[in-house]
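Let's take a walk through this one together. Have the sequence and the model open side by side as we go.

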2 protein chains.
Amino acid sequence: MSMDEFAIIKHVFRPLAGNDTPAMNLENDTAIWHPPLGHDLVMTKDVMVEGVHFLPNEDAGVIAQRLLRVNLSDLAASGAKPQGYLLGFIGKAKVEEKWLMAFAAGLARDQEEFHISLFGGDTVSGSQSLALSLTAIGSVPTGQAMTRGGAKPGDHVFVSGTIGDGYLGLQSLLGNSARDDDAIRSYQLPEPRLRLGLELRGLASASIDVSDGLLADMHHICEASRVGGAINLDEVPLSPSGKKYACENMAQLLRLATSGDDYELLFTVPEKKAARVHEIAAKVGLSLTRIGEITGGSKFSVFGSDGKEIDVSMHGYRHLNR
Amino acid sequence: MSMDEFAIIKHVFRPLAGNDTPAMNLENDTAIWHPPLGHDLVMTKDVMVEGVHFLPNEDAGVIAQRLLRVNLSDLAASGAKPQGYLLGFIGKAKVEEKWLMAFAAGLARDQEEFHISLFGGDTVSGSQSLALSLTAIGSVPTGQAMTRGGAKPGDHVFVSGTIGDGYLGLQSLLGNSARDDDAIRSYQLPEPRLRLGLELRGLASASIDVSDGLLADMHHICEASRVGGAINLDEVPLSPSGKKYACENMAQLLRLATSGDDYELLFTVPEKKAARVHEIAAKVGLSLTRIGEITGGSKFSVFGSDGKEIDVSMHGYRHLNR
């Protein structure tokens, strides 16, 4: 059974939006929200398109959760506390009720997990591709939001968790490699590093979430901060799946470091404060690994396990040249 | 020549986002904004899909302006002052540079017209339909936002401007009727009634913008306010084009009152304050016409020129039954 736009709003999205919330039961075209005093707002938007950002046969609830989480990951990198979101649901001519209910159930799970509510949105149909546009809004004490800019020469570069599992999960899901449930979970349900983001406020000089790929995102920090940097590939933290895949093969290690979809935080910390990173790692229960440093100038270098510099432009590292 | 996502962000959208703004030159995944003190935020989202909400051959700049304006119209109905917006650009595999530049020029025109800035967004490609998702954010002094709820029995019902021109403009644009430049302009470039919205704060008991159709939107007010209402179709203000079209034909008048895309404000005012509406009309230079009243109970009635009640369910009035 398929549902029209009005039925979708009433039966699928209204239950996600309480009455005593900014969404006011979705009875208005607008949400009205009083932002917390003494805070800046942090806003982000990510769009996902069927066949491009998710597979047509993926579980609808998992798609919903990933959509929310990639946005929350951007808020985490800013050190923001998530507050709510607006959803643009761009459906095809017919959208199956079963799919929609699973989609809504996924949103409901993560609304509870991350203590956020649906502020509002728009539901349309008639597109030839299903597309989902989500705007997430968070808050951070005034002036404390972290950005990509702010890294200084001498700062240490850290990354949370492990790198490459999103890529390995997608490959497994596509049937390009053996079934790897841990990696698939990393790809489908990334964990936005919100607690870590809160702890890094006032400590990290720059921060970004790893979505384009570790090296590309490191390059984004260098560009925005007007500095150079060096990454030691040998130090990049890998999961058991990642270690098995890379297995001392530099080209495959580079692939993990350039493939993206990791949603870990990459951040820089002044040298004299770097010791505090270990305390934070213990506090949030997440490994935080030093993988490089910020340098003067504007050169971004990548070193291999033999200490030799690697010409990453030879390894499909498209983002460097944009 | 077509552009990839990175080129679109850099060459098309970055010029719309200043450096010293929440968008920070679009160098981050998030926008950081300090909301005005003592204000609530009003947020809205509207999506437009090629072939559904705009025609493939429409001017890209006009599409951009309409997208922005239908969102600003929602803010106007809340009495909010627009502040900024986030844009989700969901492109097909290839998007022509010429089209994109015209699209950006349209956004630039209206950013200047309405004193707003691009806060951020996301640009993707690979969809089979071009789709545009816009989240607009405005502000209103705390507690003063208008909603659909709040109308009380005895309140007078007013509408701004004229009704039906959006429909007539679309019909003309589609070639279903003779060329009518005024009506086409009303359809393509609706005027968000922002000044009127500001003036109605503290006066109107309920407010909505006419997007679904005059009768449907009146019904929305009645539902959200838990009241009944009556509209006198004979009082519905028409432009010269509208008068010519309806020409004492009740079925055609009903079509204008149910077709939508008017983006006028429909609002209710307590009887004892109704005289002030005329002062506001003079101040904002816009006709404000009384077309009905709010009643007790939950019945919504429509009366024709002979004073007889019309059964609107017979006239394709789909929104009543949702």
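Predicted model: local features only at pLDDT ≥ 70, side-chain atom pairs only at ≥ 80, totals over all residues.

Chain A carries ten helices and eleven strands. How compact is chain A for its length? Its radius of gyration is 20 Å, close to the 20 Å that the globule rule gives for 322 residues, so chain A is as compact as a globular protein of that length. Along the principal axes, its C-alpha atoms fill a box of roughly 60 × 50 × 35 Å. Of the 322 residues in chain A, 55% count as buried.

Chain A divides into domain 1, residues 5-141, and domain 2, residues 156-321. Taken over C-alpha atoms, the centres of the two domains of chain A are 28 Å apart. Where they meet, domain 1 of chain A puts in 15 residues and domain 2 of chain A puts in 17. On the domain 1 side, the elements giving two or more residues are α2 and β3 of chain A, and α2(A) gives the most, with eleven. That side of domain 1 divides into seven nonpolar, four polar and four charged residues.

Next, the core. In soluble globular proteins, nonpolar side chains tend to be buried together. Here the largest nonpolar core has 200 residues, and those with the most contacts inside it are Tyr85(A) and Tyr85(B). What does Tyr85(B) touch, leaving aside its neighbours within four places in sequence? Its contacts include Leu68(B), Ile116(B), Leu118(B), Phe119(B), Leu134(B) and Ile137(B), with Asn71(B) and Thr135(B) also among them.

Finally, look at where the chains come together. Here 47 residues of chain A are in contact with 48 residues of chain B. On the chain A side, the elements that give two or more residues are β1 (31-33), β2 (39-49), α2 (60-78), β3 (81-90), β4 (117-124) and β5 (131-141). Which of them gives the most? That's β2(A), with nine residues. The chain A side as a whole divides into 21 nonpolar, 17 polar and nine charged residues.

There's strand pairing between the chains as well: β2(A) and β1 of chain B (residues 31-33) run antiparallel, joined by three bridges. To find the spot, go to Met43(A), whose bridge partner in β1(B) is Ala31(B).

Key:
Residues numbered from 1 in each chain as written. Chains lettered and ligands numbered in written order. Helix = DSSP H or I, 4+ residues; strand = E, 2+ residues; numbered from the N terminus. Rg over C-alpha atoms; globule rule 2.2 N^0.38 Å. Buried ≥ 20, exposed ≤ 12 C-beta atoms within 10 Å, placed from the backbone. Core = buried A, V, L, I, M, F, W, Y, C linked by C-beta atoms within 7 Å. Contact = placed C-beta atoms within 7 Å. Nonpolar A, V, L, I, M, F, W, Y, C, P; charged D, E, K, R; others polar. Pairing = 2+ DSSP bridges. Domains from an automatic or database assignment.
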